[in-house]
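Please examine the sequence and the structure shown below.

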Amino acid sequence: MRMARGDMATARYGRVAMVFHWTIAALIGVNLAIGLGHDTLFDGWVWLHKSIGLTVLALSLARLAWRLCHRPPPLPSEVPEWQRRLAHGVHWGLYGLMVALPLTGWVFTSASATPRPTTFGLFAVPPLPVGADAAVNADVRSAHALLAYCMLALIALHVAGALKHQLLDRVLILDRMLPTVREARRSI
């Protein structure tokens, strides 16, 4: 079912989807910054990067389960079919990377000589059964870095698409994922 611009107020994501979206987005943003700057940061940031990565993995699996059980609101009828397909592909690409990126980090940490993944220092996460292998570690580390750049590209495409629709096309795409002031007051 396609919706007209006037129907956009009803075509919104629910609160659970919004919380997943913005929490995971913030964690990914912080983790990409730490990951891309890891050569210039202190070693103390590595444990935080790993902790955030494992948190993103857990939240992303929960978000994916939620998404499979709760259909997203349809895009407005003003959005052309090719842009709908592109948005669909970008969303599923982001879901895939939200799982693959932390998993590759966990694999290369597990393949290191001293695998020590922890979650914010609260508890140790067991290494995956890959064994300490320098070749595997190097290959998976390279894949992890490549996936991070793919994540950056898809995030840029996702944000650019949302801003294009909102600012140029005047189709209120961002409003679907932003809590309104009225909703914020009601939840206080």
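Confidence in the protein is highest in helix α1, at a mean pLDDT of 95, and lowest in helix α5 (residues 181-187), at 47. The pLDDT is the predictor's confidence in each residue, on a scale from 0 to 100. Over residues 1-10 the pLDDT is below 50, and beyond near neighbours in sequence this stretch has 20 contacts in the model, a contact being heavy atoms within 4.5 Å. Residues 183-188 also have a pLDDT below 50, with 3 contacts beyond near neighbours in sequence. The average pLDDT of the protein is 86, and 87% of the residues score at least 70.

This is a predicted model, in which local features need a pLDDT of at least 70 and side-chain atom pairs count only at pLDDT 80 or more, while totals for chains, interfaces and linings use all residues. Residues are numbered from 1 along each chain as its sequence is written, and side-chain values use heavy atoms, with hydrogens and water left out.

## Overall architecture

The secondary structure comprises 5 helices and 2 strands. Read from the N terminus, the order of elements is α-α-α-β-β-α-α. Helices (H or I, at least four residues) and strands (E, at least two) are DSSP runs, numbered from the N terminus. Of the 188 residues, 34% are buried. Buried means under 20% relative accessible area, exposed means over 50%, and partly exposed lies in between (1.4 Å probe, protein chains only).

Among the contacts with a separation of 6 or more, 74% join residues 24 or more positions apart. H70 is located in the loop between α2 and α3. H70 counts as partly exposed because its relative accessibility is 35%.

Helix α4 (residues 134-168) contains 35 residues and spans 50 Å from its first C-alpha to its last, close to the 51 Å expected at 1.5 Å a residue. Helix α2 contains 26 residues and reaches 39 Å between the corresponding atoms, close to an expected 38 Å. The expected span is 1.5 Å times one less than the number of residues.

Which elements cover the buried residues of α4? The cover includes α1 (15-36), α2 and α3 (81-110). The buried residues of α4 include N137, H144, L147 and M151. In α2, the buried residues include L48, I52, L54 and R63. The buried residues of α2 pack against α1, α3 and β1.

## Surface and backbone features

The accessible surface of the protein is about 11,400 Å², and 69% of this area belongs to carbon and sulfur atoms. Accessible areas come from the Shrake-Rupley method with a 1.4 Å probe; for residues, only the protein chains shown count as cover.

W47, F120, L122 and F123 form a nonpolar surface patch of about 460 Å². Patches are made of residues with over 30% relative accessible area and no salt bridge, like charges being joined within 9 Å and nonpolar side chains (Val, Leu, Ile, Met, Phe, Trp, Tyr) within 5 Å. W47 belongs to helix α2 (residues 44-69), and W47 counts as partly exposed because its relative accessibility is 42%. F120 is in the loop between β1 (118-119) and β2 (123-124). With a relative accessibility of 35%, F120 is partly exposed.

F120 is not a glycine, yet its phi is positive, about 50°. R170 likewise is not a glycine and has a positive phi of about 60°. R170 lies in the loop between α4 and α5 and is exposed, with a relative accessible area of 54%.

## Salt bridges

How many salt bridges does a search of the whole structure find? The search finds 2. A salt bridge is a side-chain nitrogen of Lys or Arg within 4 Å of a carboxyl oxygen of Asp or Glu.

| Salt bridge | N to O distance |
|---|---|
| R85 and E81 | 3.4 Å |
| K164 and D169 | 2.4 Å |

R85 and E81 both belong to helix α3, where they are 4 residues apart, about one turn of the helix. R85 is exposed at 60% relative accessibility, whereas E81 is partly exposed at 38%. In the other pair, D169 is partly exposed at 29% relative accessibility, and K164 is partly exposed with a relative accessible area of 29%.
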